[in-house]
Amino acid sequence: MAKVGVETKLLPTQKFEKISSNLTALLPFFSGLPDILPKETLVWKMKLLKSASVYTNSRLHAVKAEVLVLASDKDRLFPSQQEALRLRKLLPNSIVRIFKDNGHALLLEECINLLTVIKGTCKYRHSRRHDFIKDFLPPSMSEYRRVFDDFVGSYMRTLQLTLQADILHQWNRRILRLMVCSTMFSTMEDGEIVEGLAGVPDEGPVLLVGYHMLLGMEVSCLAEAFLREKKIMIRGMTHPELFVGNFEKLSTEFNFSDWLKVMGAMPVSPKSLFKALSANSHVLLYPGGAREALHCKGEQYKLFWPNQPEFVRFAAQFGATIVPFGVVGEDDMVQVVLDYHDFIKIPIVKDKIKEAIEDGVHVRDKAQGEVASQEVFIPGMLPKIPGRLYFLFGKPMKLKGRDDLVKNRGGAKQVYLEVKCEVENCIDYLLRKREEDPFRNICNRLMYQTFCSPLHHVPSFKP
C-alpha cells in the first residue's frame, strides 16, 4: 500500500523517502481497523459480494454495449487485473486498459486522468461512430507534458514483441528530447532558408509531406516543435494497424497507440485526409508509409513512394499548401542489424511473422509497386551514441486556384514529382550541412545545455 502512487521515474533516494513517509502515515490506521470493520460486518459484506457476483455473471452474456474496463495491476484489495482480463473474454464489445503502477483507488490517483483514457480509447464522441475530426479534443497542458515525457517509453513498450525491444527500452524515455535535441529549418517563399518554422504557413489547410525515418522516430520531435513554436496541432496520418490491428487487439495498457489518438493522429485513408483538409488542419503525411519507416539495411534516406499522386489532387481540391520536408539523423541513432529478409530465414520466426501479417491491416496491395512490396514487420536494431535530428521544410507549394489538378492527372503527377524531388533535395542539403554543426556531438550539446541554454535553443549550423 505504501508503494502505490510512488512514481517510477523518481530517484532511489526519493522513492525511499516517499515510501517511508507513506508507511508512517499508515501506521495509526492499523490499530483502528477492527473497530471500523468488525469481523461480523466483513463476513456479511463477503456474502453480499458473492450473491451479487453470481447475479451479475449470469447476465454478462446479454451485454452488447461498448464497455471500457479499467484495472490496476497493483491492487492489493481485489484481483483487478485478472477480473479485467476475464471480462474481456465475456464482453464481446469491450476494451481493457490495465495500469501497471497504480493501486486500488485508481481514479483517485494523480497520474490518472479519466478524460485522457476516454479520448485515447476513442470513447469520447458525439455519435455511434468516432469521428477523428468532429470528436477531437486538443490535449490539455498536463497531457502535453505527459505525452512528451512518456511518449518514447510507451512507444518502446509497444514494440516489446521484438528482439531488440528490451535494449531500446533501456534508452532513456526522454532520449529524443534530452539527448537528440532536434533542430528545425524552413524555407521562405523567396527561397531563403532560415532557422525555425517561419517558412511554414500558419493558416491551413497545410499538407506536410516528407520522409519517414526508421520507426517514425522523428514524429514526436516534429509535433512538439510545431506546438512550441507555432501553437499548431499536427494531425498525423498513421498506419491503421495502430488503431484497429493487432496492436489494438492485443493491447491492455494505455500505450503508444492511445497517446497517438490523444495527440490527434488519424488512420491513413482518403476519407481521413479529406476530412482533415476540409477542417483547415495542418496534416502530416508520409507517402512512403511503413515501407520507409520499416526499411531494410542500407536503405536509410531512400524514398519509397507509390506511383499515384492522390494527395496532390486532394490538396488542390481544398486549395491547400503542400510543404515538402526532409529529416536526417537516423544513422546517428540506431543501426539496423536484422531486417525482414533476415528474420524470414529463421523457420520458427518466419511462421510467426506470416501469421501476424495475415491478421494485420493492409493499406496497399502488391500492385502499387515497391512501396507495398515489404510486409509490416519491425527490424532488429542496435542503438548508437545519439547524434542529432535535423529537419528542413522546403519552399511551400500553394495549390489555391489549381482546381484543374483534381481532374488533370498529368498535371498532378508533375506536382507530385516536384514534391518528391524537393524532399530529396532537403535530405541531401541536411546530410551535407550537418557536418558543419559544432553541436552534432552529444558531449558538446550536453555541455551547452547545462551552462548556456535550454534544450531547444542549442544552436546548429548556419543555413
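A residue is called buried when its relative accessible area is under 20%, exposed when that area is over 50%, and partly exposed in between (1.4 Å probe, protein chains only). The structure is a predicted model, in which local features need pLDDT of at least 70 and side-chain atom pairs count only at pLDDT 80 or more, while totals for chains, interfaces and linings use all residues. Residues are numbered from 1 along each chain as its sequence is written, and side-chain values use heavy atoms, with hydrogens and water left out.

By these criteria, Lys231 is exposed, with a relative accessible area of 68%. Lys231 sits in the loop between α9 (219-230) and β6, and its phi is near 55°, a positive value in a residue other than glycine. Helices (H or I, at least four residues) and strands (E, at least two) are DSSP runs, numbered from the N terminus. Cys122 also has a positive phi, near 60°. Cys122 belongs to the loop between α5 (114-120) and α6 (141-158) and is buried, at a relative accessible area of 14%. A further backbone feature is the cis peptide bond from Gly204 to Pro205, with omega near 0°; Pro205 is placed in the loop between β4 (193-195) and β5.

Turning to the whole chain, the protein has 19 helices and 13 strands. Of its 463 residues, 47% are buried. Where contact means heavy atoms within 4.5 Å, residues 24 or more positions apart account for 79% of the contacts with a separation of 6 or more. The accessible surface, from the Shrake-Rupley method with a 1.4 Å probe (for residues, only the protein chains shown count as cover), comes to about 24,300 Å², of which 58% belongs to carbon and sulfur atoms.

An α-helix has 3.6 residues a turn, so residues three or four places apart point the same way.

Two buried polar residues are worth a look. Ser94, in strand β2 (residues 94-99), is buried with a relative accessible area of 15%. A polar atom of the Ser94 side chain lies 2.9 Å from the backbone oxygen of Leu91. Not counting residues up to four places away in sequence, Ser94 touches Val67, Leu87 and Arg88. Glu299, found in the loop between α14 (289-293) and α15, is likewise buried, with a relative accessible area of 15%. With that sequence exclusion, Glu299 touches Tyr211, Arg291 and Phe304. Glu299 and Val336 are 37 residues apart in sequence and 9.7 Å apart in space, C-alpha to C-alpha.

How values were computed: A polar contact is a pair of N or O atoms within 3.5 Å; within protein, one must be able to donate a hydrogen and the other to accept it, and residues adjacent in sequence count only if both atoms are side-chain atoms.
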